[in-house]
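Please look over the sequence and the model shown here before reading on.

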Amino acid sequence: MDSPRTRRVQRVHLAQPLIARLGATQVVLVDLSVMGARIEHHVPLIAGAYSQLTFRWEDLTIGVECRIARSRLERFSAGPDGMTVYHSGLEFERVSPETRTRIKSIIGGFITRALEEQKLNARGVL
């Protein structure tokens with residue numbers, strides 16, 4: 001659930017999450033905006049720490065410095081088959097104009113695809 005603060009920018013939920021790295025930790029990128037991201041991961045992270053988020057989009061590798069704004073335990077599972085899941089919010093730091101443009105392009109592509117899918121669904125096309 002979002003904090004009571006007013007969201008300042010468009011954030012998209014990635015229907016197909018992207019595998020990414022936060023420093024040396026493998027994470028899953030689930031939401032993205034030009035100011036930050038939400039990730040899912042299996043090891044605890046320290047709120048307030050800084051790290052580099054890196055992910056691939058089409059043929060591009062995107063890397064951005066970020067601060068872990070919050071991190072919380074989402075689901076705890078014990079035993080050999082269990083997977084504990086954490087969700088963390090990242091705030092991007094010192095984003096280059098080129099990286100900002102790439103992120104805006106990714107967000108625009110997701111929004112365009114979502115609108116096209118809605119149009120097709122309204123026409124009864126599966």
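What follows describes a predicted model, starting with the overall layout.

The protein chain contains one helix and six strands. Of the 126 residues, 32% count as buried. Among contacts with a separation of 6 or more, 51% are between residues 24 or more positions apart.

Is H87 buried or exposed? Its relative accessibility is 13%, and because buried means under 20%, H87 counts as buried. Leaving aside residues up to four places away in sequence, H87 touches R38, I39, E40, H41, R70, S71, R72 and E74. One of these, R38, also takes part in a polar contact: the side chains of H87 and R38 meet at 3.1 Å.

L73 lies in strand β5, residues 60-75. With 45% relative accessibility, L73 counts as partly exposed, because that class runs between the 20% limit for buried and the 50% limit for exposed. Which residues does L73 touch, not counting those up to four places away in sequence? They are T84, V85 and Y86. L73 can also be placed relative to S88: the two are 15 residues apart in sequence, and their C-alpha atoms are 8.8 Å apart in space.

The last topic is empty space. Rolling a probe the size of a water molecule over the atoms shows where such space is left. The second largest pocket holds about 290 Å³. Its lining consists of twelve residues, and those nearest the pocket centre are H13, A15, Q16, F110 and R113. Which elements supply at least two residues each of this lining? Strand β1 (12-22) and helix α1 (97-122) both do. By residue class, the lining of the second largest pocket divides into seven nonpolar, three polar and two charged residues.

Definitions and conventions
Residues numbered from 1 in each chain as written. Predicted model: local features only at pLDDT ≥ 70, side-chain atom pairs only at ≥ 80, totals over all residues. Heavy atoms only, no water. Buried < 20%, exposed > 50% of the residue type's maximum accessible area, 1.4 Å probe, protein only. Polar contact = N/O pair within 3.5 Å; in protein donor to acceptor, adjacent residues only side chain to side chain. Contact = heavy atoms within 4.5 Å. Helix = DSSP H or I, 4+ residues; strand = E, 2+ residues; numbered from the N terminus. 1 Å grid on protein atoms, 1.4 Å probe; cavity = no way out; pocket = protein on both sides within 12 Å on 5 of 7 lines; lining within 4 Å. Points joined across faces, edges and corners; volume = space filled by probe spheres on them. Nonpolar A, V, L, I, M, F, W, Y, C, P; charged D, E, K, R; others polar.
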